[in-house]
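Hi everyone, thanks for making time this morning. Let me put the structure up, and then I'll walk you through the sheet, the packing and the charged pairs.

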Amino acid sequence: MPLVKGGKIAVDAFVRIADDAELPDGGAILVSSVRFLRDPGAVLRRLGRTGVIWPNNRDVHDLVPYLDGLAVVALVFPTFRDGRAYSQARLLRERHGFRGELRATGQVLRDQFVFMLRAGFDAFEVKKESDADAFTSTAGRYSVFYQPTGDGRLTALHQRMQLRPARGVGR
């Protein structure tokens, strides 16, 4: 499955580890939320980067105490009509200050890339190579937004305010 990161197709350094498999001592791994919450200390103590696959029906607050030790949080879109992972992404970015990779997995469709970027996602597992190729043109299509969101961009209003000359300066 292609991974889109930084606007282009990237090699996924993270290996998915089954719930019943032994944890490797090193390397970058992705584990399920069930595996992670069974013994978060053991998962985080190992050498190497760690990521967790977090389903959209699980509260992200359960993950918050461990965010500093995680390199990746992969949020799941089980169907394209289920948008709970958008809310999870915004909570992780805006309320909890997560600065690691926020990855969209599952039903990640090209016409939702812009919305996912605006929610704070910065990596995407896509099903088709053509969707990965289309990402850059889709993501670059819009440069100004009216709504504030988790990607850190200034809204159109804030951009306009920065261009305005300061009133009362020099009087």
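So, the sheet: eight strands make up an open sheet, ordered S2-S1-S8-S7-S6-S5-S4-S3, with mixed pairing. For the conventions, helices (H or I, at least four residues) and strands (E, at least two) are DSSP runs numbered from the N terminus, and two strands pair if DSSP finds at least two bridges between them. This is a predicted model, in which local features need pLDDT of at least 70 and side-chain atom pairs count only at pLDDT 80 or more, while totals for chains, interfaces and linings use all residues. Residues are numbered from 1 along each chain as its sequence is written, and side-chain values use heavy atoms, with hydrogens and water left out.

Let's step through some of the pairings. S1 and S8 (residues 123–125) run antiparallel, with three bridges between them, and there valine 4 sits opposite phenylalanine 124 of S8. Helix H3 packs on the sheet, where it touches S5, S6 and S7, and its direction makes about 160° with that of S6. For that angle, axes are lines fitted to C-alpha atoms, for helices over the stretch in contact, and angles run from 0 to 180 degrees between N-to-C directions.

Over with S3, the pairing to S4 is parallel, with two bridges, and valine 15 stands opposite isoleucine 29 of S4. Isoleucine 29 also has a bridge partner in S5, namely threonine 50. S4 (residues 29–32) and S5 are parallel and joined by four bridges; serine 32 is partnered there with isoleucine 53. On its pairing with S6 (residues 72–77), S5 is again parallel, over four bridges, and tryptophan 54 stands opposite leucine 75.

Now, which way do the side chains face? As a reminder, in a regular strand the side chains alternate between the two faces of the sheet. In S5 (residues 50–54), five of its five residues are buried, where buried means under 20% relative accessible area, exposed over 50%, and partly exposed in between (1.4 Å probe, protein chains only). Thr50, Val52 and Trp54 point one way from S5, and Gly51 and Ile53 the other. S4 has Ile29 and Val31 pointing one way and Leu30 and Ser32 the other, and all of these are buried.

That takes us to the packing. A nonpolar core here is a set of buried Ala, Val, Leu, Ile, Met, Phe, Trp, Tyr and Cys residues joined through side-chain atoms within 4.5 Å. The largest one has 32 residues, and Val73, Leu75, Phe121 and Phe124 have the most contacts inside it. Elements giving two or more residues to this core are S4, S5, S6, H3 (84–95), S7 (101–106) and H4 (113–119). There is also a second, separate core of six residues, including Ala28, Leu30, Ile53 and Ala74.

The structure holds eight salt bridges, each a side-chain nitrogen of Lys or Arg within 4 Å of a carboxyl oxygen of Asp or Glu. Take glutamate 101 with lysine 5, at 2.6 Å, N to O. Glutamate 101 belongs to S7 and lysine 5 to S1 (residues 3–5), so the pair ties together parts that are 96 residues apart in sequence. Buried or partly exposed? Glutamate 101 is buried, at a relative accessible area of 7%, whereas lysine 5 is partly exposed, at 36%.

Glutamate 101 also forms a salt bridge with arginine 103 (2.7 Å, N to O), and arginine 103 is buried too. A network of salt bridges links Lys5, Asp12, Arg16, Glu101, Arg103 and Glu125. Glutamate 125 lies in S8 and counts as buried, at 5% relative accessibility. Its side chain makes polar contacts (pairs of N or O atoms within 3.5 Å; within protein, one must be able to donate a hydrogen and the other to accept it, and residues adjacent in sequence count only if both atoms are side-chain atoms). The side chain of glutamate 125 reaches that of arginine 16 at 2.7 Å and that of arginine 103 at 3.1 Å.

How values were computed
Contact = heavy atoms within 4.5 Å.
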